[in-house]
Amino acid sequence: MNLIGRLSQEQIVFGLAVLLCLAFTIFVPGFLTTNNLVILVRSVSILGILGVAMGIVVIGRGIDLSLVAVMAISVAWSLQLVSGGMPLAQALIFGLAFSILIGVINGVFIAYVEVPAIFATLAMGTAIYGFGRYFLFDLDVIYFTSDADSLLWLGEGTVLGLPAPIIMFIGVCIAAHLFLKFTKNGSFLRAVGDNAAAARITGVPVRPIIILQYMISASIGFLAGCVTAASVASMNTRVAHSTFVYDVILVVVLGGIGLSGGRGGVRNVVVGTLLIGVLINGMTILNIQYTVQNVIKGVILLLAIVIDTLLNPRDEQTAQQGDI
Amino acid sequence: MRFLKRAALTALVAFGGTMAAADGIDDPARASYYDAFKGKKVAYVPVAMGFDLTEGWAMGLREALEPLGVEFDIRDPNWSTSAGAQAITSLISEKPDVLVVHNPDVQSYARLLKKAEAAGIYVVQVNMRSSYSTDAFIGADYVGMGEQIGARLVEKCSPANGGSGKIAITQGVLTAAASAYQMKGISNVLAKHPEIQLVSNQAADWDSTKARNIAATVIQQHPDLCAIAGFWDVMDVGTSAAIKESGQDVYLLTQGGGNKTACDGLKKGTYSEVVVYHVPGQARDMANVIKQLLQAQPEPGAIKSALFTPLQFLTKDNITEDSCWSLPGQQ
């Protein structure tokens, strides 16, 4: 019991993913093949990229509910500009600048106006979607025009047999890991997440760091949006209104990054993403209906959280104020 | 004297008569036609605005009705069934003359539509019908469409014709009329063809990213997959991307309102075949039914009629310049 008791949530979830893999390997013919594993990771790589963005914000003890809306609207606007005749590079710079601007506004509201992150970003997500639909473009789905075709590589290209979205996922993971472990701002971010008051006393520029974390998440969101759009040669802005952002939070929390901040790293996001990927892939191969898939997904997630709570019970020392 | 008078009168009448013929004769039914539309209100509640089908219908209805003095009002619930139900509820009390409804599924609005008819509003349903039939339905006969698509899949994929016999289906939202009725039609055909194996039947919720992931996994499991039937061209952009990435030769049979993107998709090889229910045609049908209801003024709910839209099976080889239509500003 002591040995099990020392397992972290990350290890439990990883164990669950391995168990599921074993079960699918035994019961589902063709699950454990290189091709299927590549498809598995590919199908969750966008979720993973967004998970890294969300992870960084959550480690800084925030949350970014506008992430998916920013991703959809900024990329859709870029595509709209391209179809209006603007060169691709310029349109992408505009889109990226737009998303960073939203990140800054989020950060200012949270750091200086001191609106709780959950409300500021929730409102921002809705506002951005409405702004985009009313001022930037008319249709729900923005298609690629031929001038944007070079961007398609992000969705369809391969490097050494690995699809580009997986490469992007790996790239974002490495960059985020290096940022969190080896840069000054990375350590500051963790300090702010762990204890903002103590960080301030020690001289950490708390408010600029908060703005920085939302800028980072918005830029990664833009990148994830480019990969999404390139994968299906169009950007469906309706995703801003879907429950996708909760899937992203789920990946983060499931992997073991506590919503109370200051804990966890990129590895947690990877583990959470893999569990979701294994689940979805195996169930699709088994031809389980999408609605039933949702039920099974929910039950397994609950199970993971219950096991974690039983093995690592909360007490006055581990619980923090503001813990959701 | 009397004779002279009569002669003068005859001459006058004859003269007047020729005058009238030279200036044309007024159509006695004309004024009543225009009077029937003066100050009338038509409200339109689609699943959401912002995509080819609903924008196309709105454009067609507006062009047909507004010049007649009909007020055309759009309530956009933006994919939320509860917002749609609220819009219909408030419209029932505002009492427009005609309500045009695009149902997100077969159940949600059924009671409300009944209530609207009871309140004296004509209810016209478009493309996805509710389980409750109202004054008019304009749209594809989805069961029949499913049967035709099923037959097409058998023709393409039957081992007798050199196919592998394996097919997959990507539905939209399971409870939408377009999915549920169509699946019934396809099942009718497949039941008679045991040589066709349905290896995957999934719902992608009208979402291209979901459709892509489903298709990628299915093709990986069944590299000899012969065809995928998708239920909407906008969603099946994702299916197509998965097929392209796999490098396999899979026949993609999809469907939609015949917007320019569908024809472009056929030319570029995104889709192999698109079943088209022509949206401007549907808009015209709707406008005509509305005009007829407003002129004849039957009791709302007294007549239950349906106009099934004729279907076209478009491939790269049979599209012409005017097979598809475009929205204003669409390139």
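Colleague: Which residues does Met286(B) touch, not counting residues up to four places away in sequence?

Modeller: Met286(B) touches Trp57(B), Leu61(B), Val100(B), Val124(B), Val126(B) and Ile138(B) on that count. Two residues are in contact if their C-beta atoms, placed from the backbone, lie within 7 Å. Please note that this is a predicted model, in which local features need pLDDT of at least 70, side-chain atom pairs count only at pLDDT 80 or more, and totals for chains, interfaces and linings use all residues. Residues are numbered from 1 along each chain as its sequence is written, while chains are lettered from A and ligands numbered from 1 in the order in which they are written.

Colleague: What makes Leu223(A) count as buried?

Modeller: A residue is buried if 20 or more other C-beta atoms lie within 10 Å of its own, exposed if 12 or fewer, and partly exposed in between. Leu223(A) has 22 C-beta neighbours inside 10 Å, and therefore counts as buried. Leu223(A) lies in helix 11 of chain A (helices are DSSP runs of H or I, at least four residues, and strands are runs of E, at least two, numbered from the N terminus). Leaving aside residues up to four places away in sequence, Leu223(A) touches Ile49(A), Met168(A) and Val172(A). The C-alpha atoms of Leu223(A) and Ser74(A) are 10 Å apart, although 149 residues separate the two along the chain.

Colleague: Which residues touch the most other members of the largest nonpolar core?

Modeller: They are Ile49(A), Val124(B) and Met286(B), in a core of 201 residues. Helix 11 of chain A (residues 206-232) gives the largest share of this core, 16 residues. A nonpolar core is a set of buried Ala, Val, Leu, Ile, Met, Phe, Trp, Tyr and Cys residues joined through C-beta atoms within 7 Å.

Colleague: Why is chain B called more spread out than a compact globule?

Modeller: Chain B has 11 helices and 12 strands. Its radius of gyration is 26 Å, well over the 20 Å that the globule rule gives for 331 residues, so chain B is more spread out than a compact globule. The radius is taken over C-alpha atoms, and the rule is 2.2 Å times the number of residues to the power 0.38. Along the principal axes, the C-alpha atoms of chain B fill a box of roughly 105 × 45 × 40 Å. Of the 331 residues of chain B, 48% count as buried.

Colleague: Which domains does the assignment give for chain B?

Modeller: It gives domain 1 (31-139 + 279-310) and domain 2 (142-277), with bounds from an automatic or database domain assignment. The C-alpha centres of these domains of chain B lie 30 Å apart. Their contact takes 15 residues from domain 1 and 12 residues from domain 2 of chain B.

Colleague: How many residues of chain A are in contact with chain B?

Modeller: There are 28 residues of chain A in contact with 25 residues of chain B. Helix 3 of chain A supplies the largest share of the chain A side, 4 residues.
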